[in-house]
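Welcome, and thanks for taking a look at this chain with us. Please have the structure open as you read.

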Amino acid sequence: LNANLPANQTVCTDKVATFTTAVTVGSGPHSYQWQVSTNTGNTWANVTNGGVYSGATAATLTITAPPVTMSGYFYRCIITGAAPCAPVNSFQVILTVNPLPTIVIAANPYTSLLPGLRTTLTSTISPVAGQIFTWLRNGAAVPNANTGTLANVDVDGLGDYQLRVTDINGCTNISNTVTIKDSASGKCFLYPNPTSGKFQVRY
């Protein structure tokens with residue numbers, strides 16, 4: 001028997017990894033048994049279907065939403081064909097699982113605004129740097145807001161804010177929610193001042 005080599009896989013913890021092998025030389029029928037090693041190939045155990053695994057005895061092993069703790073696991077497939085061919089092991093491959101980014105946003109100096117006040121939303125991202133930033137207000141993308149900071153939010157921008165980040169590993173997550181609301185006041189506001197003839201009145 002001779003088998004195609006499966007390829008190493010790198011996935012985010014909420015995605016799907018697949019390892020595929022196929023017989024290129026040798027007569028069938030063929031049977032497959034995937035194995036996993038948690039100690040860099042020193043010892044091996046048969047994979048069984050269930051949990052994150054499906055296809056344990058098929059040409060393609062599917063691993064759905066693997067936890068980060070599985071990063072660094074080795075996999076191989078034992079392929080058995082018709083006699084007198086002896087079973088063969090496929091090449092060993094490695095699963096790398098990257099975590100989703102953790103995103104925390106906060107507003108400073110205000111979360112309650114009156115006309116004339118402005119606040120800034122900032123973010124902290126771990127464990128790796130963000131690459132694509134999308135600020136959301138009430139679930140809709142804020143135009144031209146594509147950095148880790150959203151500045152100059154005023155009373156016209158009240159709402160619930162979140163930040164969606166795709167990190168440098170290609171993993172995506174959404175932050176906590178920060179609500180920017182109005183502040184009670186007995187004053188009547190006319191702004192901007194001075195005005196060009198177009199202004200707002202708020203009570």
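Predicted model: local features only at pLDDT ≥ 70, side-chain atom pairs only at ≥ 80, totals over all residues.

Residues are numbered from 1 along each chain as its sequence is written, and side-chain values use heavy atoms, with hydrogens and water left out.

**Overall form**

- The chain has 22 strands and zero helices, where helices (H or I, at least four residues) and strands (E, at least two) are DSSP runs numbered from the N terminus.
- Its radius of gyration, taken over C-alpha atoms, is 27 Å, whereas a compact globule of 203 residues would come near 17 Å; the globule rule is 2.2 Å times the number of residues to the power 0.38.
- Along the principal axes, the C-alpha atoms fill a box of roughly 95 × 30 × 25 Å.
- Of the contacts between residues at least 6 apart in sequence, 57% join residues at least 24 apart; a contact means heavy atoms within 4.5 Å.

**Surface and charge**

- Buried residues make up 32% of the 203 in the chain; buried means under 20% relative accessible area, exposed over 50%, and partly exposed in between (1.4 Å probe, protein chains only).
- The accessible surface is about 11100 Å², and 53% of this belongs to carbon and sulfur atoms; such areas come from the Shrake-Rupley method with a 1.4 Å probe, and for residues only the protein chains shown count as cover.
- There are 9 positive and 6 negative side chains, with the centres of the two sets 2 Å apart. Lys and Arg count as positive and Asp and Glu as negative, while His and the chain ends are not counted. Each charge is placed at NZ of Lys, CZ of Arg, CG of Asp or CD of Glu.

**Backbone details**

- Most residues other than glycine have a negative phi, and most peptide bonds are trans.
- Ser126 and Pro127 are joined by a cis peptide bond with omega about 5 degrees; Pro127 sits in the loop between strand S14 (119-126) and strand S15 (130-137).
- Another cis bond runs from Asn193 to Pro194, with omega near 5 degrees, and Pro194 belongs to the loop between strand S21 (189-191) and strand S22 (200-202).
- Ala65 has a positive phi near 50 degrees and lies in the loop between strand S8 (60-64) and strand S9 (73-80). At 37% relative accessibility, Ala65 counts as partly exposed.
- Asn152 also has a positive phi, about 60 degrees, but this residue lies in strand S17 (residues 150-153).
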